[in-house]
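Please read these points with the model open beside you. Follow each one on screen before moving on.

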Amino acid sequence: QRVSISVAAESQFRQELASNGKVSANRFADVYWNVEGSIARIAASNGRHVQKGDVIAELDAFKLKNALESESAALEQSKLQMQDVLIGQGLNPDSDQIPENVLKLAQVKSGYLQSLARYNSAKYDYESAVMTAPISGVVANLTDRESNLSSRSKPFCRIIDQNSLAGDFNILESEIAAVKMGDKVEIKAFSVPGKVWAGHISEINPFVESSGMIKARAVIDRPDGLCEGMNVSLIIGKQIGKMVAVPKSSVVYRSGRPVVFTAKAGYACWNYVELGVENSDNVAIVSGISAGDSVIVSGNTFLADHSVINY
């Protein structure tokens, strides 16, 4: 039987905990219209990067502008009426020495305060006809089109800070003792094979779900190429000390017990072993073989004790 062998070595063992999760943004903004109207212009599009303050869209502001001009005229009229009230009391309306209580009474009698409130509201509505980006980021979830009516009940779009992406995932309750804040994480996207992103654990929710899982989050250091909502796998790895380790392919099972075959003088020798922790490539051996043993790592599926081998 032709086999391949590897020498069992004692070395620093890297434990790995694996989980699946999704990419989410730590920083994003859902942008809403504050006033209703017909959308006259959309200056952004999905996937486009915008800076804070950039114009995203505009409403037809004809009615809003007319309302503002009307309230502006009404405000000026109420100012004149307020001045008449002050003059009627023998006061100079341009003086800054008017007692506060007298000025307040004049503002109320003239309707100035009500006019000012209506003017400020009309001004706010008019200015809200231009939607600007509250943060810098990438535009997503924009579905409206020009000439559509604006809605205040649902977001017009979402702006995502692509530099703040993180991976949300679950940890088994039984594994939580091995996970700490700041632990390094390797992240792989199922849709981008072969690429690995680095990150670190930034949040661990101190609550066990009914499923026995604990929610955690890992900040992704350089998330270029990832998007919010992507499915990813996360591996938390850490060195846990020196151990004798062998490739996982060297472990086979006989009668439900783990066995590792070693090569000695052209024969395969059967060794029951006790397994320890494992990672994606190797498994630690607690007992059964020693450092320096020649371990059979392939061609071992159908081996029996003292089978003749060559390599």
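1. Start with a charge and a ring. The charged end of arginine 158 lies over the ring of phenylalanine 28, 4.0 Å from the ring centre. Keep in mind throughout that this is a predicted model.

2. Arginine 257 gives another case. Its charged end sits over the ring of tyrosine 272, at 3.8 Å from the centre. Tyrosine 272 is partly exposed, with 36% relative accessibility.

3. Now look at the aromatic pairs. The whole structure holds 3 of them. In one, phenylalanine 261 and tryptophan 270 have ring centres 5.9 Å apart and planes at 75 degrees. Planes over 60 degrees apart count as edge-to-face, so this pair is edge-to-face.

4. Tryptophan 270 also pairs with tyrosine 272. The centres are 5.8 Å apart, the planes stand at 75 degrees, and the pair is edge-to-face.

5. Is phenylalanine 261 buried or exposed? Phenylalanine 261 has a relative accessible area of 0%, so it is buried. Tryptophan 270 is partly exposed, at 29% relative accessibility.

6. Turn to the sheet. It is open, has 4 strands in the order S3-S9-S8-S5, and pairs them antiparallel. Strands S3 (28-31) and S5 (49-50) are at the edges. Each has a single partner strand, so one side of each lacks a neighbour in the sheet.

7. S5 pairs with S8 (residues 137-140) in the antiparallel sense, over 2 bridges. Which residue of S8 is the bridge partner of valine 50? That partner is glycine 137.

Terms used. Residues numbered from 1 in each chain as written. Predicted model: local features only at pLDDT ≥ 70, side-chain atom pairs only at ≥ 80, totals over all residues. Heavy atoms only, no water. Pairing = 2+ DSSP bridges. Phe/Tyr/Trp six-rings, centres within 6.5 Å; stacked < 30°, edge-to-face > 60°. Buried < 20%, exposed > 50% of the residue type's maximum accessible area, 1.4 Å probe, protein only. Lys NZ or Arg CZ within 6 Å of the ring centre and 35° of its normal.
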